[in-house]
Amino acid sequence: MGRDISKNRRVVVTGVGILSPLGLSADEHFERLTAGQSGIAPISIFASPDFPVRFAGEVRGFKANRFIKNRKSIKIMARDIQLAVAASSLAAAHSGIHEGVNEPHRFGVSMGAGLIPSQLDELGVAVAAGLNADGGFDTARYGREGLPLLFPLWLLKYLPNMLNSHAALEYDARGPNNCITCGNASGLLAIGEAARVIERGQADIMLAGAAESKIHPLALARLHILGKLSSENDLPDRGPRPFCGSRAGLVAAEAGAVLVLEEQEHAAGRGAAALARVAGFGSSCGAQLSEELEHGGRAAADAMAAALADAGLDAGDVDAVFANASGLYEDDDEAVAIVNVFGRGKPVTTVKAAVGHSMAASGALELATAVLALSRGMLPATFGVESCGDTPVDLVSEKRRGDFGAFMINSFSFGGQAASLVIAR
Amino acid sequence: MGAVTPMASNLPDTWAGIIEGRSAVDYTTLFDASTFPTTFSGQVRDDDLIESYADDPLLGHAGRNVKFGVRAAEEAWEHSGLDGAVDEAGRFGLYLGAGEGPPDWVTSGKIFGAAWTGSAIDPEKFFLEAVRLLDREYELFQESNILAGLLAGRFGARGPNLSCLTACAASSQALGEAAMIIRRGDADIMFTGGAHSMLHPFGLGGFNLLTALSQRNDDPRHASRPFDRDRDGFVLSEGAAMLVLESLDHALARGAKIHGEVLGYGTTGDAYRVTDMHPEGRSATAAMLMALEDAGLEPSQIDYINTHGTSTAVNDRVETIAIKDVFKEHAWKVPISSIKSSLGHLIASAGAMEAMACLLAIRDGIIPPTINYENPDSELDLDYVPNTARRARLDCCMSNSFGFGGQNVVLILGRPPV
């Protein structure tokens, strides 16, 4: 192998961009979160009052052209891509690199993306033209009569790497460019990977984050048949209540969350404020298909332990855990893992309690929120858990001011991947 | 190493076919594609492979991509001699460049049909029909991370676990990043590679809409003709390619047979257009230079370049320009070829397959040819190793992968360290 990797290059966060069900900026998201508000509300795409899925965490009022410079491209961006590019734009502005950087080849992009379904009306017209008299899909007919109804760049609108491609284009970022597709763990893994790229010296600055929207009939149907979605349609105000005995599944959501990661000296050299340091990162896999975690949470504990060891920190140095906790029964396994790593009494919170589960974006959103919490000295409460009674971890039920030193962030996929990341002052 | 390709369902026969200069491209039979602008592909025709998983309680529900991936991984696993020899599961990880699953288009058609109002899709009807008709497990397998989880369970890998999808560069990127994880000391063994099938009506149709595919429907075997004057697009193929990477110390300690070394990795983004490469390939050039720097090599030390060489008008022209830019006068001396001329384009799996071709070329002392090279293109004047494999001693090889959307990945592979 070639050169040894320097571990002297430290990676800091110099910008945060968030579009969440709580707001169209990092400030709005954090203010509403710490004010104890929820972004979960009746869903916009289904109207029937007796429908099995009636609430979600939607990014309301989002207009892509308010955020994206390259407006002509917006029409070939699926909503996931728009959210990623818009969050990148907010992060870049926050970090003071809105006009790009001096050395574009040292500026990279690492995004986490989900499986992006085609907009139904778009593909539906073409598929309908390919149906036989008996309603069956006739591919020869589709090739002849359906295909010409789609626009030429249709495929590009839905490729996961287009989150990266458009973000890179928007800021002339010509450095390392990677797209992580690890289901719900994508965002956190993408940010961890971006930190590694900077650490090993292949870039000085990276846009790193994720976006996904599950507010789509096909995406919701998949979650529904997997038995993941909360059925508490009559109680949307209560949210998914992670770790609570009364929880009833996850609440689907959408979000875009992007950080600007930067080598510490590079940030200092241009006078950019470091909001936090990426101190450690680790991942593992428990290989439990369709579950978030293997029973007993061993992979989650391994990922947390790896991140702590990478950071050179002890469990006691971490002030709180931003948990994956999504409201599914596997929250219990994460709780076991947290207790195994940290012992009892470690404060635990999760943004998902207030906004729902933005899937590929969720780990990036938890991390982006944790960066704000650390830099502002304010740990947000876990929404809706006041009346939970006993929980297997110590949930933060009221926001706390504090001079925090480090937070752990967890993110797990359906499929067994477990990722953990530690940020420090 | 292991592979499932349109040429064969294992690596040795795939490699033999490439060296013999055979084409694995033929008319598509997986579905009726006779009315599509392109009627042929690099389809994996091994129906026994698909059938062999039919009764598997889990894989029976998986898409073709996952079955290809599992078969290629089993071959690579056996080849590595690691079965029963993994000492520390936590230091054994996976980094794949795996594609999404092919959609269940038969069922999708029914769902769309039921939800079609005559002018639009009724979202509620669509949801209810989808819930009624979709297969739970098949849908789960659509997610591209499932293969990495599945293989982790199968081989007992509890270390770092990731999957990336940077289009046509995905499995090259995965290989490079997996090597970086080992180099950093975070794992001793990493499974890497890719598996992908976009050979379904929406994938084939999507690439046809982009006018990216060859439409040489009267002569499929000669359709993939990288660097030839009459090239008219790439050939969509499916398959899987898997490798086991190991730290040198770990491999030596267990007396493993070593097939080569990962010397360098470069990754860049075009930041130009999502539809086109930069006309001078500025970021492809940068990726090659980054990989050379990472390997500590001069351009003149590269003995062979396995190109991205897709057979599209733009890629092959720009890649030629970029190689000249990096290699200067050595560009005309270094043999370069594209195995996509034989296999077509395996999309996410292509890069790992091509990295293995470099390792096999070094092992066998033979350069795979660019087949179907008949008419020189006046602007494309490098040594493309036309039509016939060539004997040569090779020490260091470069493998280029350029993703649709501008992700460029370059790997440098070398002879096993003595």
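In chain A, 11 strands form an open sheet of mixed pairing, in the order β5-β4-β6-β7-β1-β8-β15-β14-β9-β10-β12. Strands here are DSSP runs of E of at least two residues, and helices are runs of H or I of at least four, both numbered from the N terminus. Two strands pair if DSSP finds at least two bridges between them. The edge strands are β5 (177-180) and β12 (394-395) of chain A, each pairing on one side only. The model is predicted: local features need pLDDT of at least 70 and side-chain atom pairs count only at pLDDT 80 or more, while totals for chains, interfaces and linings use all residues. Residues are numbered from 1 along each chain as its sequence is written, and chains are lettered from A and ligands numbered from 1 in the order in which they are written.

Strand β1 (residues 11-19) of chain A is largely enclosed by the rest of the structure, because nine of its nine residues are buried. A residue is buried if 20 or more other C-beta atoms, placed from the backbone, lie within 10 Å of its own; 12 or fewer make it exposed, and values in between partly exposed. Eight bridges link β1(A) to strand β7 (residues 254-263) of chain A, and the two run antiparallel. Gly15(A) has Val260(A) as its bridge partner in β7(A). Strand β8 (residues 276-285) of chain A is also antiparallel to β1(A), with three bridges between them. There, Val13(A) stands opposite Ala276(A).

Met111(A) stands opposite Cys179(A). In a regular strand the side chains alternate between the two faces of the sheet. Asn177(A) and Cys179(A) point one way from β5(A), Asn178(A) and Ile180(A) the other way, and all are buried.

Helix α9 (residues 298-311) of chain A lies across β8, β14 (406-412) and β15 (417-424) of chain A. Its direction is at about 145 degrees to β8(A). Axes are lines fitted to C-alpha atoms, for helices over the stretch in contact, and angles run from 0 to 180 degrees between N-to-C directions.

The largest nonpolar core has 309 residues. Such a core is a set of buried Ala, Val, Leu, Ile, Met, Phe, Trp, Tyr and Cys residues joined through C-beta atoms within 7 Å. Val371(A), Phe407(A), Ile423(A) and Met356(B) have the most contacts inside this core. Helix α14 (residues 350-364) of chain B supplies its largest share, 11 residues. Beyond its neighbours within four places in sequence, Ile423(A) is in contact with residues including Ala276(A), Val278(A), Val371(A) and Phe407(A). Contact requires C-beta atoms, placed from the backbone, within 7 Å.

Chain A is divided into domain 1 (11-116 + 159-424) and domain 2 (120-155), with bounds from an automatic or database domain assignment. Their C-alpha centres lie 36 Å apart. Chain B is divided into domain 1 (2-102 + 142-414) and domain 2 (105-139). The contact between these chain B domains takes six residues from domain 1 and five residues from domain 2.

Between the chains, the contact takes 82 residues from chain A and 81 residues from chain B. Helix α4 (residues 105-115) of chain B gives the largest share of the chain B side, seven residues.

How values were computed
Contact = placed C-beta atoms within 7 Å.
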